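Subject: Structure for you to look at

Hello,

Here is the structure I promised to pass on. Please open it and keep it beside you as you read my notes.

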Amino acid sequence: MARKRAELKENSKKNGNGANIGFEAQLFLAADKLRGNLEPSDYKHVVLGLIFLKYISDAFEAKHAALLAEDPLVAEDADEYLAENVFWVPKEARWSHLQANAKQPTIDKLIDDAMIAIEANNTSLKGVLPKDYNRPALNKVMLGELIDLASGIAMHEQRSKARDILGRVYEYFLGGFAGSEGKRGGEFYTPRSVVRVLVEMLEPYQGRVYDPCCGSGGMFVQSEKFVEEHGGRIGDIAIYGQESNYTTWRLAKMNLAVRGIDAEIRWNNDGSFHKDKLKDLRFDYILANPPFNISDWGGDRLREDARWKYGVPPVGNANYAWLQHILWHLSQNGTAGVVLANGSMSSSIAIGPFGSRMKADTYVNTGIPVIRGTNISDSIAWKGEWVYISEEMADSMPNCIVKYGDLVFPHRGSIGEVAIIPDDALRYMISTSLMKITVDAKKANSLFLYYYFRSSLGRQEILKYSSQVGTPGIGQPLSSLKQFRVPLPPLHVQKGIADIIGVLDDLFDRNKKTNETLEAMARLFFKDWFLDFGPTRAKAEGRLAYLAPDLWSLFPDALDDDDKPIAWETSTIGQEVRVVGGTTPSTKEPTYWNGEFCWATPKDLSSLKTPVLLSTERRITQAGISQIGSGLLPIGTVLLSSRAPIGYLVISQVETAVNQGFIAMVCEGRLSNVLVWLWTQANMEVILQKANGSTFQEISKANFRPIPVTVADSPIHRAFDEIAQPIYKQIVANEQESRTLAQARDLLLAKLLSGEIRLQEAEKIVEQAL
């Protein structure tokens, strides 16, 4: 595999790089962009309800067309559809009707009416479908765009394939929303990779399958897939489940309906412990991911329960109760697969020293490097400046020493990041805001775990335990760290996955380093021409030309009394570009938000590694833009964060409106946007000196506009742009490619973990992508 990785890397050098992400991921990204400021917990019902409606309408239309060809009268008989497990869909609820009216201002009410009509004609769906699309919080434009997006799913496919495609989309969206909701997402969704492992272990070919806390029904979907993939008959298994959360129960009913799975899923508001609606049934297979470490499960009211054959479970923790509840429901020869918290992948965990043991005055000039959050980068390499403590102090805190292969996580500040200790023969110490895992090499591959936690899947697992109130942090870091759930395939598979993902990661790093070099080149040209006046000084001093003759001839051969090239002009930035700011329209007015236009805040720039803005977290409507004096700014606008903090700097590659935290420079005159970007970067110290403010420093437009800028002759500016613009365009191309690579890396990891693709297939995918 190491040789294969080297081959893949070599091919990437020859062929360039790039990657494709799956259509489910593309759909989810597109849908998520439409979310705006809606919470994922709310938005998921909006989207999943529409996907479900699309599925049952497509299934109905296919059956309806087949019956029309046979007998038009039979085509209007609802029983003909129910006999083949197809829901009856009235005309006003059919997808074609909604699609035709997607841009109408009444689309929200039309969707609600469709849901009501479907429930009225299909008793098994009563109380299941979302019927609250007609509410102020939902933007009608967003609903119309979601309908257009969903309309492209499974078009022109046969019914069986279309059902599978829609099922995959529904399942992917469930997982995506679960990740967006963090820890709460685990209440309705178990990662597909975990479910697949359980199903492959139990092999549910025939008999009753049960999940006492079934969430959105993922265990059942995988069980039926297993039967299909191994040549069994779907009718040979019967599915039962209970779910205490009514909203989650509805998700399960829709999820199973999209898959065409017939199941008896009970909504049980009191929960399986206190009101077991299937108490007398025994099952051949039980798959469960119960909510573990629950302290308020009502155990004090169940001390004499017949299920506790192996001892009364503790009142303060439901784990033991779940296991005995599951054992109670197992048939004589039944088997169960249960997910519970564990720390089996690590041989030790530790948290950094208390702040009182490591203060700033304990640092020395040389010694043991202390890893801080600022040293953790988006790659294996470290970043930032180091601080050190003495050997003696490090020896007094042995639990805080990290070695090769250890994983390091912030528990305060930059939650979701991870670092791996390199094999560089150095001894490191973790700071007070970090925690570590020493990996048991007999059970887990450190690099595999590192890539897992770097992926969106692993990051979501970490963020489940975080709080974003005040300074982001993880409460009870060590106990939370022990509960991180990690898929652990066999060791040789872990290593193979690490090698394959490492290839994409290497390409990602190569783009990053290339962009750093390109930025340095652009800064060098700008500094030489417009700050140091290098060519003119060289001419004045009689030195040899170091530019091409056609460029060298453009520069004056002397400096004026102001120490700038003769005939060059001193202007102000306010005279050369249009300097504007922005504002935040009322967040209480729903018609302003969740539109089709970008709306930037400094937060959108805070995590960028390159001066390229490709998207924004929030989106705004035309009505919202009308509330902003500067309106929608054109592509190519230079954006400088003007407060909290001052200094984030990009060139926007999308049309965008901005909030009040920016100085936006629209370059419509002599100075190009690339030159203005470089000028702003070079003058950051001057900009900071002109800032003021009692609460936080801010540079106002009034103080910014008079800052001087030297303007050369037009031919020199044109010549500079001919050099600098292609450099910046390559930076943009690399950043776009890096985003695609990151998405491909995460998607490939998810598919490898789930078993959807094998190592050899993944190698071929990477080879094709390079």
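This is a predicted model: local features need pLDDT of at least 70, side-chain atom pairs count only at pLDDT 80 or more; totals for chains, interfaces and linings use all residues.

**Salt bridges**

K564 counts as buried, because its relative accessibility is 8% and the cut-off for buried is under 20%. Its side chain meets that of D562 in a salt bridge, with 3.7 Å from N to O.

How many salt bridges does the structure hold? The count is 27. Here are some others to look at.

Take E576 and R670. Their side chains meet in a salt bridge at 2.6 Å, N to O. E576 lies in helix 21 (residues 573–576), and R670 sits in the loop between strand 24 (662–666) and helix 24 (673–682), so the pair ties together parts that are 94 residues apart in sequence. E576 is buried, with a relative accessible area of 8%. R670 is partly exposed, at 39%.

Next, R745 and D746. Their side chains form a salt bridge of 3.8 Å, N to O. Are these two residues buried or exposed? Both R745 and D746 are buried. They also belong to a network of salt bridges that links R454, D505, R745 and D746.

Now move to strand 7, residues 368–371. In a regular strand the side chains alternate between the two faces of the sheet.

Strand 7 pairs with strand 8 (residues 387–389). The two run antiparallel and are joined by 3 bridges. Look for I368, which stands opposite I389 in strand 8.

Strand 7 also pairs with strand 12 (residues 428–430). Here the strands run parallel, with 2 bridges between them. I371 stands opposite I430 in strand 12.

Strand 18 covers residues 593–600. Of its 8 residues, 7 are buried, so strand 18 is largely enclosed by the rest of the structure.

Which strands does it pair with? One is strand 20 (residues 618–620), which runs antiparallel to strand 18 and is joined to it by 4 bridges. Another is strand 23 (residues 656–658), which pairs with strand 18 in the parallel sense over 3 bridges.

In strand 23, the bridge partner of C598 is T656.

**Two positive phi angles**

N594 is also in strand 18. Its phi is near 65 degrees, a positive value in a residue other than glycine. N594 is buried, with a relative accessible area of 2%.

D563 also has a phi near 65 degrees, and D563 is not a glycine. Where does D563 lie? It is in the loop between helix 20 (549–552) and strand 16 (569–572). At 40% relative accessibility, D563 counts as partly exposed.

**A contact across the sequence**

Find P706 in the loop between helix 26 (701–704) and strand 25 (708–711). P706 is partly exposed, with a relative accessible area of 47%. Now find T572. P706 and T572 are 134 residues apart in sequence. In space, their C-alpha atoms are 5.3 Å apart.

**A charged patch**

E80 is in helix 4 (residues 78–82). E80 is partly exposed, with a relative accessible area of 32%.

Start with the salt bridges when you open the model, then work through the strands.

Best wishes

Technical notes. Residues are numbered from 1 along each chain as its sequence is written. Side-chain values use heavy atoms; hydrogens and water are left out. Buried means under 20% relative accessible area, exposed over 50%, partly exposed in between (1.4 Å probe, protein chains only). Two strands pair if DSSP finds at least two bridges between them. A salt bridge is a side-chain nitrogen of Lys or Arg within 4 Å of a carboxyl oxygen of Asp or Glu.
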